[in-house]
Amino acid sequence: MDNDNLLPESFEPAGLVPVPKIEKKPFFSASIEEKISAFLMLIAAYIYTLMISEENHEMWLGIFFCLYVLICELLSRKTRPTAESFILLGCFAATVFSLIAGRRAVWEWEKFLFIHVFAVDILFLSTP
């Protein structure tokens, strides 16, 4: 018995499946929103250092808040916001504006810690 050819001579495959061609893409390609956000993050980092080191940190906190919300909006334009992200944004805004207005009778710098927690949660909920 010939083991080299186990298929009959009249055998033909029923249908050939074409192999898809995979395009070569660069390892990382950033969208225009990501490029703008990266530039704005440099400015936000500088404002953050001014906010901590300068005496009038309330002004820098307000500018940082607006810039941070703009960056999150740019990064999450293609995703649908959840209810939690609106609640966290409201808590973030209320904490920031209470610090700017000087309403910190109960907690002085603990509100600054809460700002960080809200900001990180907003970023994780908003980006895909």
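**Rings and core, by question**

Guide: Tyr48, Phe64, Phe65, Tyr68, Phe92 and Phe97 form one aromatic cluster. This is a predicted model, where local features need pLDDT of at least 70, side-chain atom pairs count only at pLDDT 80 or more, and totals for chains, interfaces and linings use all residues. Residues are numbered from 1 along each chain as its sequence is written, and side-chain values use heavy atoms, with hydrogens and water left out.

Visitor: What makes two rings a pair here?

Guide: Rings of Phe, Tyr and Trp (its six-membered ring) pair if their centres lie within 6.5 Å; planes under 30 degrees apart are stacked, over 60 edge-to-face, and the rest tilted. Searching the whole structure turns up five aromatic pairs.

Visitor: Why is the pair of tyrosine 68 and phenylalanine 92 called edge-to-face?

Guide: Their ring centres sit 5.8 Å apart and the planes are at 75°, so edge-to-face it is. Tyrosine 68 is in helix α2 and phenylalanine 92 in helix α3, so the pair ties together parts 24 residues apart in sequence. Helices are DSSP runs (H or I, at least four residues), numbered from the N terminus.

Visitor: Which residues touch the most other members of the largest nonpolar core?

Guide: Phe92 and Ile115, out of 24 residues. Such a core is a set of buried Ala, Val, Leu, Ile, Met, Phe, Trp, Tyr and Cys residues joined through side-chain atoms within 4.5 Å. Its largest share, nine residues, comes from α2.

Conventions
Buried < 20%, exposed > 50% of the residue type's maximum accessible area, 1.4 Å probe, protein only. Helix = DSSP H or I, 4+ residues; strand = E, 2+ residues; numbered from the N terminus.
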